[in-house]
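Open the model in your viewer and keep the selection panel at hand. The tour goes stop by stop.

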Amino acid sequence: MAENGFLKQAPGFATRAIHVGQEPERWNSYCVVPPLVTSTTFKQEAPAKHRGFEYGRSGNPTRNVLEECLASLEEAKYSLCFSSGLGATTCISSLLSRGDHIICGDDVYGGTNRLFRNVVARMGVELSFIDLQDATNLTQVIKPNTKMVWIETPTNPLLKIFDIAAISKILKEYPDTIFVVDNTFLTPYFQRPLELGADIVMYSLTKYMNGHSDVIMGAAMTSRDDLHERLRFLQNAMGIVPAPFDCYQVNRSLKTLAIRMQQHQKSSLLIAKWLESQSMVDKVIHPGLSSHPQHDLAKKQCYGHSGMLAFFIKGGAAQSSEFLKSLKVFTLAESLGGYESLAELPSVMTHASVPEKQRMELGITDSLVRLSVGLEDVQDLIEDLLQALDAASKVSETKKN
Ligand code: P1T
């Protein structure tokens, strides 16, 4: 057990992030930093006789370097990269056929909800959203045609925790159902769903994995040969591949993933505890707080928590809007997981595409503020939050929703 009560990380993660796939001996020049290969095509010695690369969509040396490193961090046999997180989701959901049923956790990124509802369901896949805080809820909706269960944990934006091992245990009875976990909020540094029984782990690499808010990319990892073969076929057939330069950037960013995550963890918990003491804050949601309803589960299944937290501000849209506009160190923007702190209002930003009824049932109200705590000095962040909460407190009561 780690000092904070979460699972203790085995040594080796940072070393693998720095060295796996990066061996200088692979390149004629013995370069220590893997090169950025932009060539879209590769010379063949004779028709259909090549040295592993034919055409940039089906494989690229810089992408291979990144995919190898990612597979190692996830302790997965395989990893594939995509042009965005939603690109990875598009590819994974293309494993399904008309008439299949997908069960999705009730609280997911707004874009994932929109893709499933407005694209995947329209192609004839049946869709159910369900709250899996109690894993046995699954048994009430699962059907013979359920071919995929998709969850985020912690969920975006409410940070609910689902028990990956308990869900996968139930799914043992349904061997044709693929269990996918979107692990974007935690990264393999803090949670490894494959070791808990998931079939596929999916990422928006745009977030913590790249961590510098300058690349849009996604990934899928699996240790199942059949799933990898099909996903690799789809990645190429559907053309959802990332640019080599973006792969180069993410590969570089992985070198500092472990230390970045440690600092995100530390700063976000300090801020969450501080927010709990503020009179303008109704409730703080952070898996590292003992007040989080699944704090014990988080400690049982994760190696730590990231920089993500959410809180309900006292009042409504007028107060949350004033708070967000008043921030000076935090930037009011969508996305998360970068070195810079971000704040947003999910109801009208990242989750605006979720139908209002579903948002209200979940509790994604105009008072719910989401923070991605970055790597600035934590005291500067607290002072910024303090002055913005103060500004929000001055908004007249009558301006409440
Ligand atoms: O933006 P993209 O790389 O396509 O990834 C989509 C995605 C998938 N899964 C999770 C858990 C996500 O949070 C996201 C993107 N989310 C945001 C942009 C956001 O601000 O929540």
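This is a predicted model: local features need pLDDT of at least 70, side-chain atom pairs count only at pLDDT 80 or more; totals for chains, interfaces and linings use all residues.

**Stop 1**

Now colour the side of domain 1 that touches domain 2. Helix 1 (13-19), helix 4 (110-120), helix 6 (164-171), helix 7 (187-190) and helix 9 (244-254) each give two or more residues to that side. Select helix 4 next: with five residues, helix 4 gives the most. Then colour by class. That side of domain 1 has 21 nonpolar, 14 polar and nine charged residues.

Which side chains meet in a salt bridge here? Select Lys300 and Asp163: their side chains form one, at 3.6 Å from N to O. The count of salt bridges between domain 1 and domain 2 is one.

**Stop 2**

Zoom out. Select 13-254 for domain 1 and 257-400 for domain 2. Their centres, taken over C-alpha atoms, are 27 Å apart. Show the contacts: 44 residues of domain 1 touch 43 residues of domain 2.

How much area do the two domains bury between them? The value is about 3,600 Å², with 60% of it on carbon and sulfur atoms.

**Stop 3**

Switch to cartoon view. Look for the open sheet with strand order 8-9-12-11-10. Its pairing is mixed. Select strand 8 (281-285) and strand 10 (331-332), which stand at the edges. Each has a single partner strand, so one side of each lacks a neighbour in the sheet.

Stay on strand 10. Its link to strand 11 (residues 342-344) consists of two bridges, and the two strands run parallel. Select Thr331: Leu342 of strand 11 stands opposite.

**Stop 2: two cis peptide bonds**

Go to the loop between strand 4 (146-152) and helix 6, where Pro154 is found. The peptide bond from Thr153 to Pro154 is cis, with omega near 0°.

Pro157 is found in the loop between strand 4 and helix 6 too. Select Asn156 with Pro157: a cis peptide bond joins them, and omega is about 10°.

**Stop 3: a positive phi**

Last, select Ala48, in the loop between helix 1 and helix 2 (61-74). What is phi of Ala48? Phi is near 65°, a positive value in a residue other than glycine.

Definitions and conventions: Residues are numbered from 1 along each chain as its sequence is written. Side-chain values use heavy atoms; hydrogens and water are left out. Domain bounds come from an automatic or database domain assignment. Contact means heavy atoms within 4.5 Å. Buried area is the accessible area (1.4 Å probe) that two parts lose on being put together, summed over both. A salt bridge is a side-chain nitrogen of Lys or Arg within 4 Å of a carboxyl oxygen of Asp or Glu. Helices (H or I, at least four residues) and strands (E, at least two) are DSSP runs, numbered from the N terminus. Ala, Val, Leu, Ile, Met, Phe, Trp, Tyr, Cys and Pro count as nonpolar, Asp, Glu, Lys and Arg as charged, and the others, Gly among them, as polar. Two strands pair if DSSP finds at least two bridges between them.
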